[in-house]
Amino acid sequence: MTDAIRTLPLSAVDIRDDFWTPRLETNRLVTLEHQYDHIKANGCLDNFRRVLGEAGGEFEGPMFVDANAYKWLEAASYVLATEEMPSLRRKVDEVVSLIERTQAEDGYLCTFFMLADQEDRWTNFSRMHELYCAGHLIEAGIAHHRSTGETTLLDVARQFADHIDERFGPGQREIIPGHEEIELALVELFRATGERRYLDLSTCFIDRRGRDPSPLATEFSREWELGSTEDYDEVLQSIEANRDVFLDESGTYDGRFAQDHAPVREQESVEGHAVRATYLYTAVAALLREIADPELFDAVERLWESMVRKRMYVTGGIGSTSEGEALTTDYDLPNETAYAETCAAIGSVRWSQKMFELTGEAKYIDVLERALYNGSLVGVSLDGTRFSYSNPLETQGTYERKEWLYVACCPPNLARTLASLGQHVYAQDADSIYVNLYVGSDIETTVSDHPVRLSQRTEYPWQGDVDVEVSLQAPTEFEVKFRIPDWADGYEMTVNGRSIAADAVDGYAAVRRTFEDGDEISLTFPMTIDVLAAHPDVRADEGHVALQRGPLVYCVESVDNAVPVHHLILGDPESLTASHDESLLEGVTVIEGTATVQRLDEWDDALYRPIDAVGTDQTTVTAIPYYAWNNREQGAMRVWLRLA
């Protein structure tokens with residue numbers, strides 16, 4: 001553990017970056033508008049109006065669709081923290097007012113059950129999502145309050161949290177959420193309000209997992225029915241269709257899907273539904289900022305290592321199978337059938353951020369960076385209007401992003417991640433400023449009560465040069481800690497043009513001095529092309545390699561290559577070169593090199609031939625960043641290339 005590390009508020013971070021600013025602008029001006037139109041057109045907002053009697057028709061969408069409105073509000077609130085946008089503000093105010101008016105007198109708020117039989121509330125925790133939606137409402141309320149200074153949505157969130165605490169808090173009915181999310185939200189609500197009962201409730205939900213018998217297990221020993229109407233037949237069918245993911249082959253509840261197979265302190269590997277897992281362990285890491293529990297810390301560190309060392313794709317994606325959207329076994333990382341849900345990559349970003357805040361170790365930001373630039377950013381098209389739920393590492397040409405999804409958890413989740421990017425770039429403790437991500441930006445903060453301004457300029461991720469200028473009102477002693485990425489093969493650092501030796505400790509090269517106004521620190525990482533092999537037990541990648549340059553993982557798309565991409569055989573990694581093309585995919589650095597391909601015309605109608613009778617030709621291979629694929633014509637793609 002380290003001294004308390006805190007992130008800077010969004011209002012203190014002004015991002016001005018050639019790579020990220022266009023994406024944040026697209027998110028702000030295009031994606032949020034696009035998503036608002038969809039949650040309006042697809043019934044999400046009308047469900048609230050139906051509760052109020054202001055709209056007709058039946059409930060629309062999956063039972064957890066309320067969360068889409070809450071995540072959209074959170075994303076919009078982050079934008080409003082740094083931008084004046086009257087049109088967006090009006091939409092936010094309208095949605096906040098709608099939610100406030102919908103809330104029941106007792107604090108309850110879930111439109112699915114408010115439109116069904118009231119007696120069905122709080123009767124199915126394994127498959128219904130009342131607590132999941134409550135968590136997203138709480139996070140939206142906190143973001144809205146911090147961005148606008150208003151308490152309307154925060155008050156709604158607190159009333160719902162109080163409603164939950166009265167029923168399921170310490171000494172009350174011992175249930176747990178089937179889909180984790182509220183645990184983290186309650187920790188953040190404690191930090192926002194100082195009300196200890198929210199922290200205690202989060203602790204209850206975490207400590208109750210893995211008990212025998214499980215509160216969730218009892219739900220599978222009885223038939224669950226909605227007490228109201230046949231209007232919910234479709235929802236009930238979908239609930240029953242998902243029943244088996246909670247059960248083992250004998251039909252017995254085993255808990256792995258919901259991380260309920262053992263107490264968190266005893267869990268050895270990250271299991272089950274990938275999003276649920278990352279949300280739970282993010283909450284555990286957040287809780288450990290408030291309580292001392294070495295056993296719980298050892299567990300969450302062990303589980304993070306399980307994810308990163310044995311169950312994570314090279315893109316930072318997690319979740320190997322569509323069955324249960326789940327992790328499977330160690331080293332089981334198929335490429336074409338990879339699920340790698342966008343929300344799961346985002347979950348790992350949040351988990352790694354909380355682990356860094358606990359420890360101050362750069363390895364957590366290394367994984368955050370991988371998942372952010374690759375596994376998360378791939379979830380939205382360059383124009384900000386199409387989204388992916390799963391993110392395979394190989395396709396035969398039938399995959400494409402969608403304008404919207406019936407289960408639309410990923411689009412607003414990605415929107416809130418992009419809108420809150422500034423929270424990941426820097427951090428601070430008592431007398432140190434951490435530069436975690438290399439993003440062109442300015443920050444204003446205080447160190448030992450002295451105002452400090454840092455201005456970072458860089459062309460990262462395309463180039464490895466970073467310049468940071470220090471602006472001060474008076475000379476001030478403090479430390480600036482620069483993360484040395486795990487992919488970097490060395491680095492050079494100068495202060496005011498003079499080289500300095502700064503060995504990395506816990507992944508950071510630190511400069512401590514009495515800084516003066518105008519001091520400049522420069523850091524250079526060589527941007528080499530890394531040819532990566534997978535662990536020998538990853539059978540899907542045996543005899544294959546992946547290309548990475550800086551934090552970006554690359555892939556080959558059929559549109560860029562003259563032969564089918566699965567025919568490409570990388571023969572000479574030394575032939576690979578990188579060049580930047582401003583006209584391609586809004587500006588990307590492309591990797592090109594030589595490859596070999598078997599001569600198809602020699603095969604005639606043969607299915608098999610002796611290897612010494614197979615001729616080859618030389619061809620060119622062109623690779624682009626993985627996040628940018630599927631933005632042109634539809635076609636095949638793969639990350640892992642055959643190696644000669």
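## Salt bridges across the chain

A salt bridge here is a side-chain nitrogen of Lys or Arg within 4 Å of a carboxyl oxygen of Asp or Glu. The structure is a predicted model, in which local features need pLDDT of at least 70 and side-chain atom pairs count only at pLDDT 80 or more, while totals for chains, interfaces and linings use all residues. Residues are numbered from 1 along each chain as its sequence is written, and side-chain values use heavy atoms, with hydrogens and water left out.

Searching the whole structure turns up 52 salt bridges. One of them pairs Glu195 with Arg158, whose closest N and O atoms are 3.7 Å apart. This pair links distant parts of the chain, 37 residues apart: Glu195 sits in the loop between helix 8 and helix 9, and Arg158 in helix 7 (residues 152-168). Helices and strands are DSSP runs numbered from the N terminus (helices: H or I, at least four residues; strands: E, at least two). Glu195 is partly exposed at 28% relative accessibility, and Arg158 is partly exposed at 25%. On this scale, buried means under 20% relative accessible area, exposed over 50%, and partly exposed in between (1.4 Å probe, protein chains only).

Another salt bridge joins the side chains of Glu183 and Arg209, at 3.7 Å from N to O. Glu183 belongs to helix 8 and Arg209 to the loop between helix 9 and helix 10, 26 residues apart. Glu183 is buried at 0% relative accessibility, and Arg209 is buried at 0% too. Arg289 and Glu357 also meet in a salt bridge, at 3.2 Å from N to O. Arg289 lies in the loop between helix 11 (274-287) and helix 12 (294-310) and Glu357 in helix 13, so this pair ties together parts 68 residues apart in sequence. Arg289 is partly exposed at 27%, whereas Glu357 is buried at 7%.

## The largest pocket

The largest pocket holds about 770 Å³ of space. Of its 30 lining residues, Thr7, Tyr78, Arg146, Glu188 and Gln423 are the closest to the centre. For the method: on a 1 Å grid over the protein atoms alone, a pocket is an open set of points where a 1.4 Å probe fits, with protein on both sides within 12 Å along at least five of seven lines, and lining residues have an atom within 4 Å of a point. Grid points are joined across faces, edges and corners, and the volume is the space filled by probe spheres set on them.

Helix 13 gives the most to the lining, with six residues. The lining divides into eleven nonpolar, eight polar and eleven charged residues. Here Ala, Val, Leu, Ile, Met, Phe, Trp, Tyr, Cys and Pro count as nonpolar, Asp, Glu, Lys and Arg as charged, and the others, Gly among them, as polar.

## Strand 10 and its partners

Strand 10 (residues 492-495) pairs antiparallel with strand 14 (residues 520-524) over four bridges; two strands pair if DSSP finds at least two bridges between them. Strand 10 also runs antiparallel to strand 11 (residues 498-500), joined by three bridges. Met493 has Leu523 as its bridge partner in strand 14 and stands opposite Ile500 in strand 11. Strands 10 and 11 form a hairpin with two residues between them, and Asn496 in the turn has a positive phi of about 55°.

## Backbone details to check

The peptide bond from Asp212 to Pro213 is cis, with omega near 5°. Another cis peptide bond joins Tyr460 and Pro461, with omega about 10°.
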